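The following note sets out comments on the structure shown below, as numbered points. It begins with the pockets and then turns to the sheet and to model confidence.

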Amino acid sequence: EAGAAGVVPPHDKRRFVVTLYLVDNTVSVYEPPVRNSGIVGGKFLERTLEPVRKPSSRAPYTARDFVVGGTLTVHAHCFQLLATDAATEKVLADHFGM
């Protein structure tokens, strides 16, 4: 789960699901719909063959960049990573020592 970083109300309450596919380091970002919010949810970034790259170094994001509290920049939009599920925590701990 991620939230939009550095935005003003009501957009500060928006939540996104950020998915990293370890097979090829591709990323997808999805906003679940929230009833009566006035904002239509859906795909923000569809998974593509081209990995999403860090804006400063042009290197692709890797699993080590996806830590709770970290910030990802995707197409000039900043997302602060707020939480992860138990399965993801286990994979990060087992394979990446995080």
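1. In this predicted model, 20 residues line the largest pocket, and those nearest its centre are Val 18, Phe 66, Thr 84, Thr 88 and Leu 92. Two or more lining residues come from each of β2 (15–21) and α1 (86–96). The space in this largest pocket amounts to about 490 Å³.

2. The lining of the largest pocket comprises 14 nonpolar, 3 polar and 3 charged residues.

3. The second largest pocket holds about 150 Å³ of space. Its lining has 11 residues, with Lys 13, Arg 14, Glu 31, Val 34 and Ser 37 closest to the centre. By class, the lining of the second largest pocket contains 5 nonpolar, 2 polar and 4 charged residues.

4. The strands form an open sheet of 6 strands in the order β4-β3-β2-β1-β6-β5, with antiparallel pairing. Strands β4 (42–45) and β5 (71–74) are the edges, each pairing on one side only. From one strand to the next, the twist averages 35 degrees.

5. Within the sheet, the antiparallel pairing of β2 and β3 extends over 5 bridges. Tyr 21 has Thr 26 of β3 as its bridge partner.

6. On confidence, the mean pLDDT of the protein is 83, and 93% of its residues reach 70 or more. Among the elements, the highest mean pLDDT belongs to strand β3 (residues 26–31), at 91, and the lowest to strand β1 (residues 2–4), at 75.

Methods: Residues are numbered from 1 along each chain as its sequence is written. This is a predicted model: local features need pLDDT of at least 70, side-chain atom pairs count only at pLDDT 80 or more; totals for chains, interfaces and linings use all residues. Side-chain values use heavy atoms; hydrogens and water are left out. On a 1 Å grid over the protein atoms alone, a cavity is a set of points where a 1.4 Å probe fits but cannot get out, and a pocket is an open set with protein on both sides within 12 Å along at least five of seven lines; lining residues have an atom within 4 Å of a point. Grid points are joined across faces, edges and corners, and a volume is the space filled by probe spheres set on the points. Helices (H or I, at least four residues) and strands (E, at least two) are DSSP runs, numbered from the N terminus. Ala, Val, Leu, Ile, Met, Phe, Trp, Tyr, Cys and Pro count as nonpolar, Asp, Glu, Lys and Arg as charged, and the others, Gly among them, as polar. pLDDT is the predictor's confidence in each residue, from 0 to 100. Two strands pair if DSSP finds at least two bridges between them. Axes are lines fitted to C-alpha atoms, for helices over the stretch in contact, and angles run from 0 to 180 degrees between N-to-C directions.
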